[in-house]
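Below is a short briefing on one protein structure. Please look through the sequence and the model first, then read the notes.

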Amino acid sequence: MNDCLFCKIIAGEIPSTKVYEDELCYAFYDIAPMAPKHFLVVPKKHLSSASEITEKDAAVVGHIFAVIAKLTKELDFDGFRVVTNCGEIAGQTVQHLHFHVLGGKPLGAFN
Ligand code: AMP
Ligand code: ZN
């Protein structure tokens, strides 16, 4: 995607603080953290949101969750929350599928 912020981050055209990278996904710290520990994991393939996921993306989505399990152990998360906002009403501001990984403090109930 030509004009996608996260595609540009994946390509290294916009700087980010990388947490992890492999052939399928890229993880980096959120620029405006909502919790003491907050990183994002994105598929390298551009999908605009969770509503664009189909069965053919099952492997990459499953892989991302395995990566999250690995990284949260390595980064000493004591529990965590995974969030993906889909659509404007849910607060999605970047139109490239991303999973927020939040932790480092007690996370209250969400609405
Ligand atoms: P969402 O609002 O769910 O679409 O999440 C987008 C997230 O991307 C927000 O938490 C932003 O703080 C984060 N973000 C925006 N620009 C950057 C950037 N250049 N580097 C890292 N995170 C970013
Ligand atoms: Zn993109």
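S49 touches C86, Q92 and L97, not counting residues up to four places away in sequence; contact here means heavy atoms within 4.5 Å. This is a predicted model, in which local features need pLDDT of at least 70 and side-chain atom pairs count only at pLDDT 80 or more, while totals for chains, interfaces and linings use all residues. Residues are numbered from 1 along each chain as its sequence is written, chains are lettered from A and ligands numbered from 1 in the order in which they are written, and side-chain values use heavy atoms, with hydrogens and water left out.

- S49 is part of the loop between β3 and α2; helices (H or I, at least four residues) and strands (E, at least two) are DSSP runs, numbered from the N terminus.
- S49 counts as buried because its relative accessibility is 6%; buried means under 20% relative accessible area, exposed over 50%, and partly exposed in between (1.4 Å probe, protein chains only).

- For four tetrahedral donors, the ideal angles at a metal are 109.5 degrees.

**The charged residue D22**

- D22 is found in the loop between β1 (18-21) and β2 (25-29).
- D22 is buried yet has no salt bridge, and the nearest side chain of opposite charge, K44, is 6.0 Å away.
- In this count Lys and Arg are positive and Asp and Glu negative, while His and the chain ends are not counted.
- A polar atom of the D22 side chain lies 2.9 Å from the backbone nitrogen of L24, and the D22 side chain also reaches the backbone nitrogen of C25 at 2.9 Å.
- Leaving aside neighbours within four places in sequence, D22 is in contact with K44, H63 and V67.

**Salt bridges**

- How many salt bridges does a search of the whole structure find? The search finds 5, a salt bridge being a side-chain nitrogen of Lys or Arg within 4 Å of a carboxyl oxygen of Asp or Glu.
- E21 and K18 form one of them (2.8 Å, N to O).
- E21 is partly exposed, with a relative accessible area of 33%, and K18 is partly exposed at 47%.
- E21 also meets K44 in a salt bridge (2.9 Å, N to O).
- This pair links distant parts of the chain: E21 is in strand β1 and K44 in the loop between β3 and α2, 23 residues apart.
- K45 forms a salt bridge with D57, with the closest N and O atoms 2.8 Å apart.
- K45 counts as partly exposed because its relative accessibility is 40%, whereas D57 counts as buried at 2%.
- Salt bridges that share partners join K18, E21 and K44 into one network.

How values were computed:
Polar contact = N/O pair within 3.5 Å; in protein donor to acceptor, adjacent residues only side chain to side chain.
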